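Visitor: Hello! Could you walk me through this structure, one question at a time?

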2 protein chains.
Amino acid sequence: ILGRGEAGAANVSAVGLSAAVAAIGQAVAAAWQAAGLTARPATLACLGAAGGDRPQEKEALEAALAPLGIAARLWVVPDALIALAAASREVIGVVIIAGTGSIAWGRNRQGDTRRAGGWGYILGDEGSAFDIGLSALRAAVRAHDGRGQPTALTDLLVAHWALSQPEDLRSVVYGGSYPRLQIAALAPVVERAARQGDAVARRLYAQAADELALAAKTVIVGLGMQAEAVPVALSGGVFQAGELIIEPLIRSLRAVAPHAQIARLEQEPAMGAVHLAAQERSA
Amino acid sequence: ILGRGEAGAANVSAVGLSAAVAAIGQAVAAAWQAAGLTARPATLACLGAAGGDRPQEKEALEAALAPLGIAARLWVVPDALIALAAASREVIGVVIIAGTGSIAWGRNRQGDTRRAGGWGYILGDEGSAFDIGLSALRAAVRAHDGRGQPTALTDLLVAHWALSQPEDLRSVVYGGSYPRLQIAALAPVVERAARQGDAVARRLYAQAADELALAAKTVIVGLGMQAEAVPVALSGGVFQAGELIIEPLIRSLRAVAPHAQIARLEQEPAMGAVHLAAQERSA
């Protein structure tokens, strides 16, 4: 990797096509600059994009990016595919991504692909940092009402947002546009509470693990890989909670796929895009 | 009641203070007009408002409404209080409101009040039409993925929004601002599926009933009314589903308050505001 560039959000369904295209253009320009090279059209660009497994969104993004002259051939693939390619050179197995959002995505020896989850923060994203943060907020106010089990989360969340009482959580949550990223950023607070032994926080991580395992199991069964030593790569910030999320996930997943090889993704997803581009070029 | 007037949303936390004040002003003007009378300041106005049990919001709303000259004395109370006053002249008992949002609110013989729920669509609103609609959407896409139990809801929700496939639910849900009211409007679709015997839809109504019962139980216990024949009034559109929601709610509630007198609110909440204003004036 010669250069890296970063820019704002580029998820088409979250920010719209034109904002996504602008962000990708900025990131590519920044990468050329970081490499100390003059920007020019590359031979081939492999782009891991949310929505890259939906033909319409893939084609719309490719068409909208074409005028930017990023590469002679622009290749949009699912973001989960580059993560899987980073985990396995043969691009066979399953990747569970749990960051702000969540999805399980897989590919078998026959080249069939399958996903579960990936529906976004309103319809899905079970087991994501957003889901953990939202569940924590809801558990905190239930405890405050006396409807739910008492939990240290109530005070921790109030303190995290520098508020004076649980009622003030409303001001952050309803104060402007839906605070999706601020809610996802609560996951480390839940992790801390769980490590301090808070039963509600521990349950939230166990539930997230169950949801992620369920999505992966659905993919594994859909691809007929239950009996195989299928590689399962874990990618995304939620897995920074370590054994808190990974141990219950392994327990749940092994019940369906006893030989699954479950491990955190070692290489960054971007390396998967590099592998894919190199394979494609030499093919 | 001499005249009625309606206008847009007036929930301060949903639409902001100035939009709420404008809507209330319009509704009052329309009520005078419907009565065939010339608008003039009333002696007393009783206003049931969401947030009316939070002193800051109550005072802010009263201050912002003052310049409109609606009444010599403007009296903002919790929206749940007017519903309870419509159910009981003594204003003693509990009201469970389950419309777009949800709350349980009560008042005992000593005048103590207590609420559970009422945290809005992000933090709470368990058992509301919004909660039922959102849970239905999530169940539909889980079934479509193969992660969840198959349900007629998948096809019914796609048809309700005149889409061609479950993937297109994304376009409605993420197409613009958060479609809170469109999601709440899905509850009657879930009701239809439940009546046709769909197990997932029936479970969603049973879960909503459990959540509403839990909120009411918390209020009843908090007010020390478990042993009394406490009146519990059911108010809001969710209860249009009849025995589908009311039977499991009664079962769950009676386990804590065996003598509770549970019934749908017969008079509209507005009549409660009239009762309260009349009592206040003669006091």
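Predicted model: local features only at pLDDT ≥ 70, side-chain atom pairs only at ≥ 80, totals over all residues.

Visitor: In what order do the five strands of the open sheet in chain B lie?
Guide: Strands of a sheet can pair either parallel or antiparallel, through backbone hydrogen bonds. In this sheet the pairing is mixed. Reading across the five strands, the order is S5-S4-S3-S6-S7.

Visitor: Which strands of chain B stand at the edges?
Guide: Look for strands that have a single partner strand, so that one side is left without a neighbour in the sheet. One of them spans 113–117 and the other 261–264. These edge strands are S5 and S7.

Visitor: By how many degrees are neighbouring strands of this sheet turned against each other on average?
Guide: For this angle, the direction of the strands is ignored. The average over neighbouring strands is 15°.

Visitor: Which helix of chain B packs on the sheet, touching S3, S6 and S7?
Guide: The helix to find covers residues 243–254. Its direction makes about 160° with that of S7(B). Its name is H12.

Visitor: Now for the two chains: how much area is buried between chain B and chain A?
Guide: Here 37 residues of chain B are in contact with 37 residues of chain A. Carbon and sulfur atoms give 54% of the buried area. The total is about 3,500 Å².

Visitor: How many salt bridges are there between chain B and chain A?
Guide: One of the residues to look at is B:Glu126, which forms a salt bridge with A:Arg142, their closest N and O atoms 3.0 Å apart. B:Glu126 also meets A:Arg138 in a salt bridge, at 3.7 Å from N to O. Between chain B and chain A, the count is ten.

Visitor: Which helix gives the most to the side of chain B that touches chain A?
Guide: Several elements of chain B each supply at least two residues to that side, including S5, H5 and H11. By class, the side has 17 nonpolar, eight polar and twelve charged residues. With seven residues, the helix that gives the most is H6(B).

Key:
Residues numbered from 1 in each chain as written. Chains lettered and ligands numbered in written order. Heavy atoms only, no water. Pairing = 2+ DSSP bridges. Helix = DSSP H or I, 4+ residues; strand = E, 2+ residues; numbered from the N terminus. Axes fitted to C-alpha atoms, helices over the stretch in contact; angles between N-to-C directions. Contact = heavy atoms within 4.5 Å. Buried area = accessible area lost by both parts, 1.4 Å probe. Salt bridge = Lys/Arg side-chain N within 4 Å of Asp/Glu carboxyl O. Nonpolar A, V, L, I, M, F, W, Y, C, P; charged D, E, K, R; others polar.
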